[in-house]
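Hi,

Here is the structure I promised to pass on to you. Have a look at it first, and my notes follow below.

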Number of protein chains: 2
Amino acid sequence: MRASERAYRALRDDIVEWRLPPGTLLAEVEQSGRLGVSRTPLREALGRLTAEGLTTAGGRGVMVTAISLADIDELFELRETLEGRAAALAAERGEPATFRRLQAALLAAPALVTGDTPAVEDYYGLVSDLDAAIDSAISNSYLVQAMRSLRVHLVRIRRMAADNAARLTAAAAEHAAIAEAIADRNPRLAQAATTLHLHRSLSHIKATSTSLHNTSTSP
Amino acid sequence: MRASERAYRALRDDIVEWRLPPGTLLAEVEQSGRLGVSRTPLREALGRLTAEGLTTAGGRGVMVTAISLADIDELFELRETLEGRAAALAAERGEPATFRRLQAALLAAPALVTGDTPAVEDYYGLVSDLDAAIDSAISNSYLVQAMRSLRVHLVRIRRMAADNAARLTAAAAEHAAIAEAIADRNPRLAQAATTLHLHRSLSHIKATSTSLHNTSTSP
DNA sequence: AACCGAACAGCTGTATACACCAACCGCCGG
DNA sequence: CCGGCGGTTGGTGTATACAGCTGTTCGGTT
């Protein structure tokens with residue numbers, strides 16, 4: 001694999017996993033030494049990160065961007081616009097059988113997040129499958145790319161919130177409702193179910209991330 | 001100005017103005033010689049162009065991407081989603097006086113595109129002012145950035161279509177209707193006016209670009 | 001003691017040299 | 001005559017050296 005790609009993925013993962021907290025200065029020589037690549041591919045990686053909005057290139061060096069509550073509101077406003085439309089388009093153009101299968105899997109998902117050995121990653125994999133199925137169904141590469149650029153930020157936000165079993169169980173039901181509406185070829189219902197899910201998700205994030213925000217800004 | 005920025009703007013302008021037609025291979029050494037910069041900043045410029053979708057980096061070198069009619073359909077599908085929502089948000093949050101002024105200017109715009117010395121650039125400037133006013137009113141940087149990344153492609157498409165005085169006159173009235181709905185703080189009407197305008201615009205492009213497409217694909 | 005200025009240090013921006021890779025072209029065998 | 005194959009050539013990917021700039025800090029001045 002190319003060195004620039006390795007550097008990009010390593011930095012992106014470090015940022016979304018909060019190993020590189022907001023405000024961290026990413027000096028080129030320092031990071032190139034840490035990641036074992038030269039400055040040239042590292043610069044390319046930093047450029048990609050900055051284009052995505054994960055870092056900002058101001059004055060001296062690039063810094064990991066902060067995420068304020070206002071940013072989360074804006075992000076979800078755009079997300080509702082894009083994913084609502086995407087769900088509606090998927091209902092118009094998707095293969096019902098695919099989404100019927102996903103609906104069944106999501107209805108069984110609560111068993112994944114409760115119990116002794118919660119397989120939360122498997123649940124997230126299911127959600128990714130639904131996203132991928134929607135992406136494939138709408139057959140609009142520009143819309144897909146716009147949503148993809150949002151998902152990076154959303155993963156970062158997810159790590160900020162406290163995902164407990166109760167919320168994940170409810171979210172699985174909401175996702176199942178979206179899949180069902182798409183399988184039923186009902187665009188308006190699919191969009192409404194998406195809107196509902198995103199509002200619930202945003203409410204949960206805002207309710208649980210406030211405390212995190214307070215602790216992170218304590219001296 | 002930085003060399004990488006100069007190279008980026010020069011290449012982007014060359015592409016959207018169709019001086020570099022689709023399929024052109026942008027070899028690094030060749031372009032760096034043509035633009036008078038070294039390969040390093042040129043690579044950064046090519047990376048930005050590829051991230052925006054104006055070029056594709058496949059195999060040997062980057063190529064200027066083609067725009068098919070399907071691409072235009074997809075682009076306008078996303079555009080309607082984003083700009084419709086943007087217009088609605090502007091109606092909710094914007095300053096009515098600003099859009100009232102723009103409405104008046106747009107109602108007087110037909111005089112710009114008809115007559116002996118058509119000031120088409122002035123008309124496009126007015127449309128840009130309306131876009132900027134909407135961007136400023138919605139106060140959502142993520143949505144603004146998503147629309148901005150679309151506008152580059154739209155300029156390229158505009159050069160493909162034949163903008164005659166009749167279409168520009170009608171478009172001015174459609175833009176005035178959008179501005180009026182925002183000034184009236186009527187989100188649903190603003191969204192509907194945007195949808196109408198984009199559909200008319202797309203119809204015009206498809207009607208006039210077909211012949212161009214045929215000539216460009218002739219042996 | 002506070003403020004201003006200039007030298008300094010570290011960084012980014014750019015240019016260039018080298019290694020590797022992938023596509024083309026000619027050649028050989030079937 | 002056609003298909004597979006190795007040499008060749010130009011390209012990209014990477015590393016490094018140098019120049020310019022910006023933020024900092026120390027010293028002097030008021």
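Which residues of α9(A) are buried? Taking buried as under 20% relative accessible area (1.4 Å probe, protein chains only), they are A:Arg167, A:Leu168, A:Ala171, A:Ala172, A:Glu174, A:His175, A:Ala176, A:Ile178, A:Ala179, A:Ala181, A:Ile182 and A:Ala183.

Before I go on: this is a predicted model, with local features needing pLDDT of at least 70 and side-chain atom pairs pLDDT 80 or more, while totals for chains, interfaces and linings use all residues. Residues are numbered from 1 along each chain as its sequence is written, chains are lettered from A in the order in which they are written, and side-chain values use heavy atoms, without hydrogens and water.

Helices here are DSSP runs (H or I, at least four residues), numbered from the N terminus. Just after α9(A), A:Arg185 has a positive phi of about 55 degrees.

Now the interface. Chain B and chain A each bring 22 residues to the contact (heavy atoms within 4.5 Å). There are four salt bridges between the two chains, a salt bridge being a side-chain nitrogen of Lys or Arg within 4 Å of a carboxyl oxygen of Asp or Glu. B:Arg43 forms a salt bridge with A:Glu44, with the closest N and O atoms 3.7 Å apart. On the side of chain B that touches chain A, α3 (39–52), α4 (69–93) and α8 (141–160) each supply at least two residues, and α4(B) gives the most, with eleven.

Best wishes

Methods
Buried means under 20% relative accessible area, exposed over 50%, partly exposed in between (1.4 Å probe, protein chains only).
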